[in-house]
Amino acid sequence: MTSTDGAPTTFLELVKRRTSHRGGYRKDMDVPDEAIRFILEAARWAPSAGNSQPWEFLVVRDAKVRQAIVDLAKKQLKEKIEMEWVTRRTRRVGSDSGFVHAPVFILVLGDPRSIEAYPVRTRLDKWQSHYYSSLSNAVLTLVLAATSLGLGSQWLSDVASPYFTTMLKAMLGVPDPLQVYHLIPIGYVDRSLRPNPRRPLDDQVHYERYDIAKFRTDEQVRDSLASMGIRSPNYRW
């Protein structure tokens, strides 16, 4: 698919180029304020259920505060490794502190009061899916905007755990009922990473009716995860 200005091709290239940088952030290159402003401007235009716009963004540049956040990540990582070991006999969970040198952290906060935007039945039936999908839309838009500027990013979901959330809210003065959703490190990176592989498109798409011939067995799902998932030896951190 092409157009006179090449926009579809350019967008697809951007999406394919985006990946999570769990390290490699350059200490010698800061991110200008206008770049962060561009990224946040893009994020606020993300789609949200009922146009509820449940997000707020907390930008952290202070080096001491960023280090304190990294220290929290390291502390939580110990428990994460222990849980992985007793359950799966592996300590391979990736590093939650490789973003230590990213010069900017963006904390994505959610405001659950925004669910009042939904129709009554929606609010009662499935507010969680609408609320969290809205926040995830903002995160995806944010990291794509960062990629478009040649910046590396990562979305860190562990900050939403009870311990991490409690400590972050106290440290940064985040009031209730706001919730900590994701932490996004932003910075220039000194390495180019290839995204992890994706399943073939034709295996995932159905037309008019579900093609039962494409339905995966449990074994096929396990094999796919073993070759491409986070526990695969080929997974690129």
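Colleague: How many helices and strands does the protein have?

Modeller: Six helices and four strands. Helices are DSSP runs of H or I with at least four residues, strands are runs of E with at least two, and both are numbered from the N terminus. This is a predicted model, where local features need pLDDT of at least 70, side-chain atom pairs count only at pLDDT 80 or more, and totals for chains, interfaces and linings use all residues. Residues are numbered from 1 along each chain as its sequence is written, and side-chain values use heavy atoms, with hydrogens and water left out.

Colleague: What order do the elements run in, from the N terminus on?

Modeller: α-α-β-α-β-α-β-α-β-α.

Colleague: Pockets next. What volume does the second largest pocket have?

Modeller: About 360 Å³. A pocket is an open set of points on a 1 Å grid over the protein atoms alone, where a 1.4 Å probe fits, with protein on both sides within 12 Å along at least five of seven lines; lining residues have an atom within 4 Å of a point. Points are joined across faces, edges and corners, and the volume is the space filled by probe spheres set on them.

Colleague: Which helix gives the largest share of its lining?

Modeller: α1, with three residues. α1 (7-17) and α4 (120-148) each supply at least two. The lining includes L12, V15, L140 and R198.

Colleague: What about the lining by class?

Modeller: Six nonpolar, one polar and three charged residues. Ala, Val, Leu, Ile, Met, Phe, Trp, Tyr, Cys and Pro count as nonpolar, Asp, Glu, Lys and Arg as charged, and the others, Gly among them, as polar.

Colleague: Switching topic. How many salt bridges does the structure hold?

Modeller: Eight, each a side-chain nitrogen of Lys or Arg within 4 Å of a carboxyl oxygen of Asp or Glu. One of them pairs R61 with D33, the closest N and O atoms being 3.0 Å apart. R61 sits in the loop between β1 (55-60) and α3 (63-88), and D33 in helix α2, 28 residues apart.

Colleague: Where is the cis peptide bond?

Modeller: Between D176 and P177, with omega about 5°. P177 lies in the loop between α5 (162-172) and β4 (179-187).
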